[in-house]
Amino acid sequence: MEVKYSYLQEQFSNIDPYIEDIRKLVKQGDFTLGSAVDRFEEKFAELCGIPYAVGVSTGTDALALSLKMLGVGHGDEVITTPNTFIASVGAIAMTGATPVFVDNNDSYTIDPSLIEPAINDKTKAILPVHLTGKPADMPEIMSIAKNHNLVVVEDAAQAILASIDGKHVGSWGETAGFSLHPLKNLNVWGDGGIILTKSRDHYEKLRLYRNHGLSYRDEVVLFGNNCRLDSLQAIIAGRLVHQAKTITSQRVSNAKSLDLGLRDLAPKIHIPDRPENMTQVYHTYVIQVEDRDLLLKYLISQGIHAKIHYPIPLHLQPAAAHLGYKKGDFPVCERQCQRILTLPVHQHLTNIQIEYMIETIHNFYLR
Amino acid sequence: MHFTKIPFTNLALQHANIKNELLNAVEEVITHGRFILGSEVSEFEELFALLVGTKYAVGVNSGTDALLLSLKALNVGSGDEVITVPNSFVASTSCIALAGAKPVFVDVGHDFNMNVDLIESAITNKTKAILPVHLTGRPCDMDNISAIAQKYGLFVIEDSAQSVCAEYKSRKTGGLGTVGCFSFHPLKTLNACGDGGIITTNDANLYQDLKLLRNHGLLNRDECQVWGYNSRLDTIQATMLKVGLRYIEEWTDKRRHWAHMYQDLLRQVPQVTTPIDKSYEKAVYHTFVIQADRRDDLKSYLQDNGIGTNIHYPIPIHLQKVSRDLGYSYGSFPISEKQSESILSLPVYPELDSSQVQYIVETISHFYDKG
């Protein structure tokens with residue numbers, strides 16, 4: 001049996017309605033910041049219960065534009081974690097600021113107890129990552145930010161519809177950046193991203209920053225980038241946004257089945273805590289396992305497309321050499337890197353496939 | 001009374017002719033599902049490099065990013081200066097500011113392009129690059145720009161956003177400098193159905209660096225060499241651009257045909273100056289820009305008679321709010337300033353027909369006749 005990581009073929013097995021929408025778009029030629037973008041922004045804001053949304057070209061740009069709009073730049077420091085996708089840190093570097101890492105916790109999110117020691121007079125912002133779709137400890141992070149007068153930008157690339165006590169990600173920080181990359185929970189047919197904010201002022205500034213700083217066709221009020229969400233991608237997102245809740249509950253349900261089926265393998269398999277007050281949306285299903293590399297190989301030989309998110313912590317990447325970190329600086333993250341394993345959890349998995357994964361992992365440890 | 005409606009641009013007409021080809025190409029991408037840097041992107045890059053005559057091409061997210069990533073790859077940043085022109089779309093200047101460098105303007109000539117006689121006096125020991133803009137699709141005086149660049153050891157970044165297929169002494173723009181930066185914005189001559197851009201170069205190292213910079217600095221799935229951007233040309237846009245490549249020569253010929261027709265017919269209107277083609281250049285007329293007496297009145301009159309026109313661009317960049325810290329004022333660039341008050345872009349897209357061009361010229365002529 002094959003259990004694929006990508007589900008795009010199943011998801012888009014009937015593309016006629018999408019092509020019909022695109023046909024209309026091509027006919028109208030409304031390609032740049034067209035009505036499809038406005039409509040999707042409205043729907044996405046409504047879905048998450050946050051007033052304003054700004055569509056941008058990528059999840060990376062969602063973060064970089066947020067930081068720039070908040071005045072983060074050269075000479076500033078931004079605190080984040082080393083166990084994320086490169087883009088969280090790339091976005092900080094793009095603004096000219098210096099990324100400062102603190103270690104993460106067992107749930108793969110920033111360890112709030114380590115943030116304060118990393119703060120100095122250059123610190124401008126905290127960029128917590130809701131990795132795997134599980135929210136970081138936002139109440140704690142916000143209280144630290146408040147005490148030290150820092151801004152918070154939530155990296156919510158993997159966390160559409162994640163919440164704590166019913167409060168969605170994106171409602172804590174100044175802004176939250178989401179990715180609509182083809183393998184995200186809400187996905188488009190190329191690159192795309194969106195920013196949520198509660199602030200009308202931030203919203204208006206972000207709209208300038210994404211579109212050359214143009215207040216209207218002819219007037220430039222700031223040197224902005226060109227980071228627009230394509231109308232074509234907004235059309236795809238605009239259809240899928242109606243399915244976001246269903247997609248999310250299917251992923252949550254798949255994760256629960258996996259949790260249930262794998263729990264008896266402890267301590268060979270460690271499943272992070274699943275706090276009841278949190279909705280985590282399982283962009284990825286990441287567990288920590290013994291003999292990870294052997295298990296990974298075995299799963300792949302059995303047709304299961306398991307992966308590692310991410311095998312090299314960012315502080316040990318060649319790109320981070322100038323930051324002066326070394327092996328041993330972030331022990332929790334480094335240990336997890338040897339043990340983490342990602343299993344498919346997408347909405348198109350069948351029960352049979354889930355059972356097969358559980359059974360295959362049992363076979364590996366029990367043989 | 002005969003009344004024609006001629007919009008300034010008409011994407012719908014362009015796409016009506018190739019809609020099925022575009023949609024079929026999109027369907028193929030959906031079928032294989034490689035939306036990010038799929039094989040259509042490298043296929044398009046190869047075809048585009050061939051068209052321009054460079055060894056390499058790197059597809060990116062927009063024309064602006066093409067410029068920004070080029071500056072980054074060439075290590076132009078804080079403390080550096082880049083020489084460019086004030087009469088362009090703002091992106092040719094913002095990319096310099098976004099890279100952390102300082103834009104330095106020089107005025108343009110009567111062809112709307114950088115006046116090469118003014119470049120040397122703008123060079124300081126901080127100057128790192130010259131960024132000429134092939135505005136309206138007319139190539140800049142690249143022999144002189146290259147000679148100055150060589151003399152002072154500067155990079156040449158060609159802003160070729162408007163000049164796909166334009167030629168200078170039988171060589172395509174985008175292949176004449178260190179890098180060429182193109183835009184595929186929907187209103188460009190070779191256009192995507194969204195944002196897109198590409199960088200052309202003959203430099204193998206630069207090519208490798210640009211490929212890293214556009215994709216998070218990733219050497220492979222897991223290894224990150226430098227902090228990069230996410231600025232990829234979408235596979236879907238690349239596949240539609242491949243369709244456009246089949247037609248670009250034909251579209252360009254038509255644009256040039258209408259431009260030449262305007263030039264002929266407008267000779268009889270002394271209040272209007274049309275652009276002139278030099279013998280050694282092939283201008284592709286992304287825009288056809290005349291200079292006209294009583295420009296604003298003419299624009300309204302044309303509008304009242306169903307003819308859409310536009311102004312590229314009404315406010316020179318050095319007079320924009322955003323430039324207040326650059327130290328320029330009204331009077332700094334007299335030619336650009338004067339042109340901004342008289343320029344008017346007429347419709348010049350391939351799908352026009354000759355009766356429309358005639359009607360536009362007649363209407364202009366009538367405007368001045370009636371006094």
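Colleague: In which helix does Arg295(B) lie, and how should I read such an assignment?

Modeller: Helices (H or I, at least four residues) and strands (E, at least two) are DSSP runs, numbered from the N terminus, and by that scheme Arg295(B) lies in helix 9 of chain B, residues 295–304. This is a predicted model, in which local features need pLDDT of at least 70 and side-chain atom pairs count only at pLDDT 80 or more, while totals for chains, interfaces and linings use all residues. Residues are numbered from 1 along each chain as its sequence is written, chains are lettered from A and ligands numbered from 1 in the order in which they are written, and side-chain values use heavy atoms, with hydrogens and water left out.

Colleague: Does Arg295(B) count as buried or exposed, and why?

Modeller: Buried means under 20% relative accessible area, exposed over 50%, and partly exposed in between (1.4 Å probe, protein chains only); Arg295(B) has 7% relative accessibility and therefore counts as buried. Contact means heavy atoms within 4.5 Å, and, leaving aside neighbours within four places in sequence, Arg295(B) is in contact with residues including Ile311(B), Glu341(B) and Leu344(B).

Colleague: What is the relative accessibility of Arg251(A), and with which residues is Arg251(A) in contact?

Modeller: Arg251(A) lies in helix 9 of chain A, residues 244–262, and counts as buried because its relative accessibility is 2%. Once its neighbours within four places in sequence are left aside, Arg251(A) is in contact with several residues, among them Tyr7(A), Asn185(A), His283(A) and Gln347(A).

Colleague: How should I read strand pairing, and which strands are joined to strand 8 of chain A by bridges?

Modeller: Strands of a sheet pair through backbone hydrogen bonds, either parallel or antiparallel. Two strands are taken to pair if DSSP finds at least two bridges between them. Strand 5 (residues 151–155) of chain A runs parallel to strand 8 of chain A and is joined to it by three bridges, whereas strand 9 (residues 193–197) of chain A runs antiparallel to strand 8 and is joined to it by five. Gly177(A) takes part in both pairings, as the bridge partner of Asp155(A) and with Ile195(A) as its partner in strand 9 of chain A. Strand 8 of chain A, residues 175–179, is mostly covered, since five of its five residues are buried; Thr175(A), Gly177(A) and Ser179(A) point one way, and Ala176(A) and Phe178(A) the other way.

Colleague: What order do the strands have in the open sheet of three strands in chain B?

Modeller: The order is 7-6-11, with antiparallel pairing. Strand 7 (171–172) and strand 11 (281–282) of chain B stand at the edges with a single partner strand each, so one side of each is left without a neighbour in the sheet. Strand 6 (residues 167–168) of chain B pairs with strand 7 over two bridges, and Tyr168(B) stands opposite Arg171(B).

Colleague: How many residues of each chain are in contact across the boundary between chain A and chain B, and what area do the chains bury?

Modeller: There are 59 residues of chain A in contact with 59 residues of chain B. Buried area is the accessible area (1.4 Å probe) that two parts lose on being put together, summed over both, and here about 5,000 Å² is buried, 62% of it on carbon and sulfur atoms. Phe31(A), Arg217(A) and Phe223(A) supply 14% of the area that chain A buries against chain B, more than any other three residues.

Colleague: How many salt bridges are there between chain A and chain B?

Modeller: A salt bridge is a side-chain nitrogen of Lys or Arg within 4 Å of a carboxyl oxygen of Asp or Glu, and the count between the two chains is three. One salt bridge joins the side chains of Arg232(B) and Asp191(A), at 2.7 Å from N to O.
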